[in-house]
Amino acid sequence: MRFAQELASKLTSEWKSQYVDYNALKAVITRLEEESGQNEIKFRIMKSMISADFIEREKEKLSELFFELQEKEETKVNLFFNEKISYAHRHLADISRNCEEIQMHKKKEQKRLKEAICEFYLFVKKLQAFQDLNFTAFRKINKKHDKIMNSEEGAIRMSQIANSR
């Protein structure tokens with residue numbers, strides 16, 4: 001299964017717009033592949049008509065566009081994730097307060113508390129899956145970039161992303 005399909009099948013539907021736009025990043029990678037001569041016949045025709053310096057400048061522009069778009073996507077993902085983490089902290093504090101109050105009350109209250117804890121656990125698991133899936137998307141798309149550009153910019157970017165987790 002291609003990763004774009006895997007991403008689409010595993011994402012949390014109500015958060016769909018908050019995931020990395022892998023297809024947009026992949027579109028830039030596809031343009032980079034074309035500029036890099038992955039299509040050999042097209043590349044030979046282009047090379048005979050255009051200087052190698054021009055082709056390299058165009059590749060660099062596309063690479064810059066790729067990283068600008070990736071930074072925008074990272075910001076979107078991180079803002080959403082941080083909002084949800086803040087919500088989780090507030091929700092956990094509420095559960096803790098309720099736990100102290102409920103210890104002195106009836107079983108019905110305890111059942112509600114157990115349900116709240118289970119709901120909180122499921123929320124945290126969804127949030128973890130969100131983070132893992134986006135991280136995988138960034139890792140895969142940067143690996144493609146580096147392969148096409150014969151560079152390590154994407155790997156450097158990934159180490160920055162990994163350190164911010």
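**Pockets and salt bridges in a predicted model**

Reader: Which helix gives the largest share of the lining of the second largest pocket?

Author: Two helices, H1 (3–10) and H2 (22–35), each supply at least two lining residues. A helix here is a DSSP run (H or I, at least four residues), numbered from the N terminus. A pocket is an open set of 1 Å grid points that fit a 1.4 Å probe, with protein on both sides within 12 Å along at least five of seven lines; lining residues have an atom within 4 Å of a point. The largest share, three residues, comes from H1.

Reader: What should I know about the model, and how many salt bridges does a search of the whole structure find?

Author: The model is predicted: local features need pLDDT of at least 70 and side-chain atom pairs 80 or more, while totals for chains, interfaces and linings use all residues. Numbering runs from 1 along each chain, and side-chain values use heavy atoms, without hydrogens or water. A salt bridge puts a Lys or Arg side-chain nitrogen within 4 Å of an Asp or Glu carboxyl oxygen. By that rule, the count is six.

Reader: Which residue does Lys-126 pair with in a salt bridge?

Author: The closest N and O atoms are 2.6 Å apart. The pair links distant parts of the chain: Lys-126 sits in helix H5, its partner in the loop between H1 and H2, 112 residues away. That partner is Glu-14.

Reader: Is Glu-73 buried or exposed?

Author: Glu-73 meets Lys-76 in a salt bridge (2.9 Å, N to O). The two are about one turn apart because they lie three residues apart in helix H4. Glu-73 is at 5%, so it counts as buried.

Reader: Which residue forms a salt bridge with Glu-6?

Author: The N to O distance is 2.9 Å. Both residues lie in helix H1, four residues apart, about one turn. Glu-6 is partly exposed at 23%. Its partner is Lys-10.

Reader: Which elements give two or more residues to the lining of the largest pocket?

Author: This pocket has a volume of about 270 Å³. Its lining holds 14 residues; Asn-78, Gln-131, Ile-161, Ser-164 and Arg-165 lie nearest its centre. The elements are helices H4 (52–102), H5 and H6.

Reader: What is the phi of Asn-150?

Author: Asn-150 lies in the loop between H5 (107–149) and H6 (153–163). Most residues other than glycine have a negative phi. Asn-150 is not a glycine, yet its phi is positive, about 50°.

Terms used:
Grid points are joined across faces, edges and corners, and a volume is the space filled by probe spheres set on the points. Buried means under 20% relative accessible area, exposed over 50%, partly exposed in between (1.4 Å probe, protein chains only).
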